[in-house]
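I opened this entry to keep track of what I looked up in the model. Short notes follow, by topic.

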Amino acid sequence: MHRRAALIALTVCALIAGCGSRLTDEQRAALVVPQGGGSGTQEGTAQGEDGAVPGTDGTAGQPGANNPQQPNKQPNPPGSIAGGCQGTGGATDKGVTAGEITIANISDISGPVPGIFQSAQQATKAFVEYFNATQGAVCGRKLKLVSFDSRTDSGGDQQATSQACEQAFALVGSMSAFDQGGGPAAAGCGIPDLRASTVTAQRQRTAVSFGVASNVVNLVSSAGPDLVKSSFPGGINAAAYLYLNADASAQNARSMQKAAEARGIKFVYSQAIDITDVNYAPYVAKLKETGTKIVYWIGSAQYAVRLQQAMRQQGYTPEAFITDPTAYDPQYIRQGGAAVDGTVVYTNGALFEESNAQVALYKQWLGRVAPGAAPSYFGMFAWAAARLFVTTAAKVGPQLTRKAMLDAIRGVHDFTAEGMVAPQDVGGKRTSACMTLVRLKGGAWSRLAPASGYSCGSLIDTGVGG
């Protein structure tokens, strides 16, 4: 599993374009898979990440905390996200004026699964509303958000990125399944691209693009296998890896299996499952035949539900069913019901069920901009991306330019968004070392391991997809 949470280590992988024409819309959408978090443990966080932040506990008593119509009157209050930056450099670059910074979010809203990454766009909007209402400004400049729909399509991502290049200073909190489409456009115009997560290898290699949940296929944290070994010691000699038969899912499955083997987990069965395959019974029969006790799955949550329903029909219950953070969502529980109870998910973000000041703040402002919307893993990292943007912009200072912003982002190696996510090596584009396991029991998620915080390990270079 990947270094921060083998998740998210966010995770997220997408289907190769060549397969799309042969699949249904549902099958194309199913290939979106998060993998592992993103960061190392090197030095330095963007300035402004230390100290108290007005309103971070989501309670009364902070200027503007309970009423977005009552902004804080101090442009940069002591201890604020924007730090002590004063004054403005005027119109210093595209999308920047003396009083405003325009940022853009490009996420999949329409397509095979409507709203698949809407939570990332909602979270970015929530942060902008929160910041403008309670934090004042970045060096005298408010934030303005323009939103685009990448349509779960590489062409849609390309078109939206080209438009954003002309309208905005930076891309912030974006999340697209086919994000390779916008990479050349982003690189061509030099726009800082601070994403919730980069999904494709092509976007990961784009010089201006950075995932706050940073993933590298060949680098896997030892924390994942070690947590599984300590949590399910009776099953480590009989594990199986099942995954969707698509390039991204297959690469991540092979890499994560190799890392688990290096840490002493023995696999008795490994199997790719075609997207068009609707009969999972033979795979369950093989799991039973091989005596598999731990089942790993990488693929979309809806296919994880299909596999677990087939397992339930055959009366097969492994000691653990382990999958990525796409399952850490209310929709997964609604779809799977009793069949998915017991699922174990690895993550590198704070748990929604536990007390966390930034998560509480995200939930509070999400409720204001999108009443009824549920917080999500991708939304959490989009919020974190927006927070990193403003702290980094404040570090750059009044003379804000795209080049200066990119240079500053490259120096961020230990970002946590005030404890909202495990340390992320955003600038270094390296998988995170830390992760947590959560388990679904009785329809509710709760921490499995470690007892608190994250377990952090060393990175294993599996040589897969590097």
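**Confidence**

pLDDT is the predictor's confidence in each residue, from 0 to 100. I needed that first, as this is a predicted model. I looked up the chain mean and found a pLDDT of 84. I also noted that 82% of the residues reach 70 or more. Residues 1-79 are another matter: their pLDDT is below 50. I still find 327 contacts for this stretch in the model, beyond near neighbours in sequence.

**Cores**

Next I looked at the nonpolar packing. The largest nonpolar core holds 104 residues. Which of its members touch the most others? I find Trp297, Tyr332, Trp383 and Phe389. Helix 13, residues 377-396, gives this core its largest share, with 14 residues. I noted a separate core of 27 residues as well, which includes Val220, Ala223, Ala259 and Met435.

I then listed the partners of Phe389, leaving out neighbours within four places in sequence. They are Ile101, Ile103, Leu143, Phe169, Ala170, Val172, Leu194 and Met405.

**Alanine 104**

I picked Ala104 in strand 1, residues 100-107. Its relative accessible area is 0%, so Ala104 is buried. Beyond four places in sequence, Ala104 contacts Leu145, Val146, Phe148, Ala164, Ala168, Ala170, Leu171, Val172 and Ser174. I checked one of these pairs along the chain: Ala104 and Ser174 are 70 residues apart. Their C-alpha atoms are separated by 8.2 Å.

**Disulfides**

How many disulfides does the structure hold? I count two.

The angle about the S-S bond is -65 degrees, and the link is left-handed. Cys165 sits in helix 4 (residues 154-167) and Cys189 in helix 5 (residues 183-189), so the bond ties together parts 24 residues apart in sequence. Are the two ends buried or partly exposed? Cys165 has 4% relative accessibility and therefore counts as buried. Cys189 has 25%, so I log it as partly exposed.

The other disulfide joins Cys434 to Cys456, S to S 1.9 Å. This link is right-handed, with 105 degrees about the S-S bond. It connects distant parts of the chain, 22 residues apart. Cys434 is in strand 12, residues 434-441, and Cys456 is in strand 14, residues 455-456. Cys434 counts as buried because its relative accessibility is 2%. Cys456, at 48%, counts as partly exposed.

Which residues of helix 9 (residues 281-289) are buried? I find Tyr283, Val284 and Leu287. They cover an arc of only 100 degrees around the axis, so they lie on the same side of helix 9. I then asked what these buried residues pack against. The partners are strand 7 (239-244), strand 8 (267-273), strand 9 (294-298) and helix 10 (301-313).

Just after helix 9 comes Gly291, with a positive phi of about 70 degrees. Thr292 is in the loop between helix 9 and strand 9. Thr292 counts as buried because its relative accessibility is 4%. Its side chain makes a polar contact with the side chain of Thr290, at 2.9 Å. Not counting residues up to four places away in sequence, Thr292 touches Ala238, Ala239, Ala240, Val268, Tyr269, Leu287 and Tyr316.

Most residues other than glycine have a negative phi, and most peptide bonds are trans.

Cys139 is not a glycine, yet its phi is positive, about 50 degrees. I place Cys139 in the loop between helix 3 (118-134) and strand 2 (142-149). Cys139 has 0% relative accessibility and so counts as buried.

Arg151 also is not a glycine and has a positive phi, about 65 degrees. Arg151 lies in the loop between strand 2 and helix 4. At 35% relative accessibility, Arg151 counts as partly exposed.

Where is the cis peptide bond? It joins Ala449 and Pro450, with omega about -5 degrees. Pro450 is in the loop between strand 13 (444-449) and strand 14.

Notes
Residues numbered from 1 in each chain as written. Predicted model: local features only at pLDDT ≥ 70, side-chain atom pairs only at ≥ 80, totals over all residues. Heavy atoms only, no water. Core = buried A, V, L, I, M, F, W, Y, C linked by side-chain atoms within 4.5 Å. Buried < 20%, exposed > 50% of the residue type's maximum accessible area, 1.4 Å probe, protein only. Helix = DSSP H or I, 4+ residues; strand = E, 2+ residues; numbered from the N terminus. Contact = heavy atoms within 4.5 Å. Disulfide = S-S within 2.5 Å. Arc of directions from axis to C-beta. Polar contact = N/O pair within 3.5 Å; in protein donor to acceptor, adjacent residues only side chain to side chain.
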